[in-house]
Amino acid sequence: MLDSVSLDQLRSFIAAVDEGSFSAAARKLRRAQSAVSELVSSLEDQIGVMLFDRSGRYPKLTSEGAVLLADARGIVAGVDFMKARAKGIAAGLESELSVVIDVCFPMAAITEAAREFRKRFPARRLSGHFEIPLLFVLG
């Protein structure tokens with residue numbers, strides 16, 4: 001049942017919700033409206049849950065669909081994160097940066113540097129280790 005759910009189906013589902021209709025989702029995804037509609041319909045069949053109420057002019061997300069939307073977003077975000085990480089690794093970027101920080105270094109500067117790192121390299125792990133200079137210990 002769930003083994004055959006595809007990323008295409010999940011992306012179509014998310015786009016239909018975000019764009020408010022299957023035709024708008026199709027434009028966003030650069031696909032035919034019928035393809036998007038069929039992907040969402042087949043997703044509903046596979047999981048056994050109606051994601052949209054289609055009785056009106058525009059499809060309306062059901063309460064069950066709203067719950068599953070958060071899961072779909074998490075799955076797609078996780079796959080996108082994995083792809084970004086793999087791309088970086090393939091390009092020779094390390095998957096983790098480990099730094100040693102002197103305890104006397106200003107915390108505000110460390111925090112800002114960590115924020116900038118996360119913004120520029122979201123798929124990289126940053127770990128920090130604080131060290132007390134030997135001068136203080138022996139002094």
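Modeller: Let's settle one term before anything else: a residue is buried under 20% relative accessible area, exposed over 50%, and partly exposed in between, using a 1.4 Å probe and protein chains only. Keep in mind that this is a predicted model, with local features needing pLDDT of at least 70 and side-chain atom pairs counted only at pLDDT 80 or more, while totals for chains, interfaces and linings use all residues. Residues are numbered from 1 along each chain as its sequence is written, and side-chain values use heavy atoms, with hydrogens and water left out.

My pick is E44. It sits in helix α3, residues 33–47; helices here are DSSP runs of H or I with at least four residues, strands are runs of E with at least two, and both are numbered from the N terminus. E44 has 4% relative accessibility, so it counts as buried. What does E44 touch, leaving aside its neighbours within four places in sequence? The list is V49, M50, L51, F52 and R54, where contact means heavy atoms within 4.5 Å.

Follow that stretch and you get to T62. M50, L51 and F52, which touch E44, are also in contact with T62, and D53 joins them there. T62 belongs to the loop between β2 (60–61) and α4 (63–90). With a relative accessible area of 14%, T62 is buried because that value falls under 20%. A66 is 15 residues from L51 in sequence, and their C-alpha atoms are 7.7 Å apart. At 41%, A66 counts as partly exposed.

L7 is part of helix α1, and at 32% relative accessible area it is partly exposed. Its contacts, leaving aside neighbours within four places in sequence, are I75, V76 and V79.

That brings us to how α1 meets its partner. Two packed helices are described by the angle between their axes and the distance between the axes. For α1 (residues 7–19) and α2 (residues 22–29), the axes come within 8 Å and cross at roughly 120°. Those axes are lines fitted to C-alpha atoms over the stretch in contact, with angles running from 0 to 180 degrees between N-to-C directions. On the α1 side you find R11, S12, A15, A16, D18 and E19, and they meet F22, A24, A25, K28 and L29 in α2. By class, the residues of this contact divide into six nonpolar, one polar and four charged. Ala, Val, Leu, Ile, Met, Phe, Trp, Tyr, Cys and Pro count as nonpolar, Asp, Glu, Lys and Arg as charged, and the others, Gly among them, as polar.

Between α2 and α3, the helix that holds E44, there is a loop containing R30. Phi of R30 is near 60°, a positive value in a residue other than glycine. R30 is exposed, at 79% relative accessibility.

Strand β3 (residues 96–102) runs parallel to strand β4 (residues 125–131), and seven bridges join them; strands pair if DSSP finds at least two bridges between them. V99 stands opposite G128, and V100 stands opposite H129. H129, in β4, is partly exposed at 39%. It touches S98, V99, V100 and I101, not counting residues up to four places away in sequence. D80, by contrast, is 49 residues from H129 in sequence and 29 Å away, C-alpha to C-alpha. E116 is in helix α5, residues 107–120, and is partly exposed with a relative accessible area of 33%.
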